[in-house]
Number of protein chains: 2
Amino acid sequence: MKKSSSVRNLELVIREIRDLDERAMNLARERQDQLTKPQSSLGMLEEISIKLAGITGNPCPMIDDKVVIVMAGDHGVVEEGVSAFPQEVTPQMVYNFIRGGAGINVLARHVGARVTVVDIGVAAEIDDPHVKACKVKAGTNNMTRGPAMSREEAISAIEVGMETVKEEIQRGATIIGTGDMGIGNTTPSSAILAALTGVPVEKVVGRGTGIDDARLRHKIAVIERALLVNRPDPQDPMDVLAKVGGLEIAGLTGCILGAAANHIPVVVDGFISGAAALVAVSLAPKAANYMMASHVSAEPGHKMTLDIIGLKPMLNMNMRLGEGTGAALAMNIIEAACKVLSEMATFAEAGVSEATEES
Amino acid sequence: MKKSSSVRNLELVIREIRDLDERAMNLARERQDQLTKPQSSLGMLEEISIKLAGITGNPCPMIDDKVVIVMAGDHGVVEEGVSAFPQEVTPQMVYNFIRGGAGINVLARHVGARVTVVDIGVAAEIDDPHVKACKVKAGTNNMTRGPAMSREEAISAIEVGMETVKEEIQRGATIIGTGDMGIGNTTPSSAILAALTGVPVEKVVGRGTGIDDARLRHKIAVIERALLVNRPDPQDPMDVLAKVGGLEIAGLTGCILGAAANHIPVVVDGFISGAAALVAVSLAPKAANYMMASHVSAEPGHKMTLDIIGLKPMLNMNMRLGEGTGAALAMNIIEAACKVLSEMATFAEAGVSEATEES
């Protein structure tokens, strides 16, 4: 079978995703151990700086230009009544992002990050030059009746993510945060997690934006039906993503793969971004090297996802908004980790005595 | 018995520590529920903003001037070989703070906080105008042979903390972070926790700056001996603080009480600050209203302390440096929480539809 140019493009990107730079990591680790503090006493701040050295190949990495990419898309499955909010909220929130009034805007401003909003699949016309217009499809199909997307559409959405990251890097971005907007999107995220891991649906599903017990049971039944109708192949992540995923989720998978291929860190936000990250590592296991987990969300499937990928969250604040809000807060901590490595005095510089025993 | 002026002063401060302002909290909560996000979806960020409203009496609180107070003191018990570092490191680190090369300096600069260093009990002469000179005593006595301090010395050290906070508020501080420096100070902190709670010593002791198994067993034995020799009265927190505490710990207790009496938030750092906070709530239970926990440290006694006080940490990063490093990072998150409350658009302002069911 002849491969499409999209498939070839994706394969090329995946091939660029490599091991971390051990030399840079060793140099960063050596410097951490000379700084005026007990060895490893800054815990994850030290680990983050060392991982960042490995990602960038720079033994003294710095975070400058920060961007949170918010992918917006709609979900046919909301017809089934799985969300507390109506679908019209997706475009309404897109305009809120553009006017700077949403949670992600406030937090991104606070940490000095830009916000790039991408219409990858909103089920309404978005008419604003500040939104990156890359609509692959005006919302997914209702996955309880057949595939949410075709395989080609899923690949196109991944390409949008990779392309967006490439552009942001050209603009100067040194770190990417993943953000999502899409009413109903905890439903496909839960479906992806259940399909890829085989964990029963009721173990991975949470209350999303806030549904009651009855609607939670209904949401579980809807996801089980979608899995039964579509029978996604757990060995084929693209099949899972297309059949029970979402356009913004695929877009974020593309962002993650794009960041990894370009050797810059990607801060994975909450549950939706986690589902995208799980697809990314299923396609390219080494992509995990380039990820940092921001927080562990209130959605039960999120911690499971982070454990599978092997990521430790920095924040535990019971957040479940999405939009990249956790990623924005985490970027500030990652920046702090870099500054610790570059700005702290060494024992020799400060004339401080070292430990009298090995720690 | 006639009360000293110090005791009367402390009682006056404790009397100023009140309940949170319910009216301001209700107004903040109402506004949070009108912002363009599912209710409570920003989790602890929302709770922090509401607590801050209660602390300050301002329904839309802002954090401006931030200060981390680092109390430095030495410990006679280091004679027993409980630390991986020699005692000379305490003054060496004080000079490192002044020159801006320590972990707390880097992180405070990163979040825009000042650092105030107080010599409350360093066992060496500190000759630098940038250090606040308030030495109560040149290090505590070896608590395995008798009380670490007299009751009067402990009260004087608390007064130093209260006075320091008062001065910082006069300079404009709107939030205080607690920091500590004192080689050996996980030993008195563990002793305080064991004495106040009755929990066995081996359950509360950790490796501090990094000691091996043999020295850990020795540290436990040393603390058990100190408790046996001094028999501190668990019903009398001042007795515990004096007999098995430390000067910088008492100073931080004073900082916490001072912040609470002046209705400004105090960010409690790691294990040492946690011990100081435990003494503070034992003296004045309502002081807990004014505390925010920054992180949960790698020391096993720290989580226990936070649970007893009823504080939830924001960060889980396996840090154990002290100096106020966790508090500095947390201040940035608290500032973010305030901005969410004040800067996010409401549903009405943004023209976003609300949930169709109660969350």
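How much accessible surface does chain A have, and what share of that surface belongs to carbon and sulfur atoms? Select chain A and show its surface: the accessible area is about 12,400 Å², and carbon and sulfur atoms hold 49% of it. Keep in mind that this is a predicted model.

Switch to a cartoon of chain A. There are 15 helices and six strands to trace.

Next, colour chain A by relative accessibility. Of its 359 residues, 65% are buried. Then turn to contacts: among those in chain A with a separation of 6 or more, 77% are between residues 24 or more positions apart.

Select the charged side chains of chain A. The 34 positive and 44 negative charges have mean positions that lie 3 Å apart.

Finally, select the cysteines. The count of disulfides over all chains is zero. Go to A:Cys255, which is in no disulfide: its nearest cysteine sulfur belongs to A:Cys134 and is 10 Å away, whereas a disulfide needs two sulfur atoms within 2.5 Å. The relative accessible area of A:Cys255 is 0%, so this residue counts as buried.

Move to chain B and select B:Cys255. No disulfide includes B:Cys255 either, and the nearest cysteine sulfur, 10 Å away, is that of B:Cys134. B:Cys255 is buried, at 0% relative accessibility.

Note on methods:
Residues are numbered from 1 along each chain as its sequence is written. Chains are lettered from A and ligands numbered from 1 in the order in which they are written. This is a predicted model: local features need pLDDT of at least 70, side-chain atom pairs count only at pLDDT 80 or more; totals for chains, interfaces and linings use all residues. Side-chain values use heavy atoms; hydrogens and water are left out. Helices (H or I, at least four residues) and strands (E, at least two) are DSSP runs, numbered from the N terminus. Buried means under 20% relative accessible area, exposed over 50%, partly exposed in between (1.4 Å probe, protein chains only). Contact means heavy atoms within 4.5 Å. Accessible areas come from the Shrake-Rupley method with a 1.4 Å probe; for residues, only the protein chains shown count as cover. Lys and Arg count as positive and Asp and Glu as negative; His and the chain ends are not counted. The place of a charge is taken as NZ of Lys, CZ of Arg, CG of Asp or CD of Glu.
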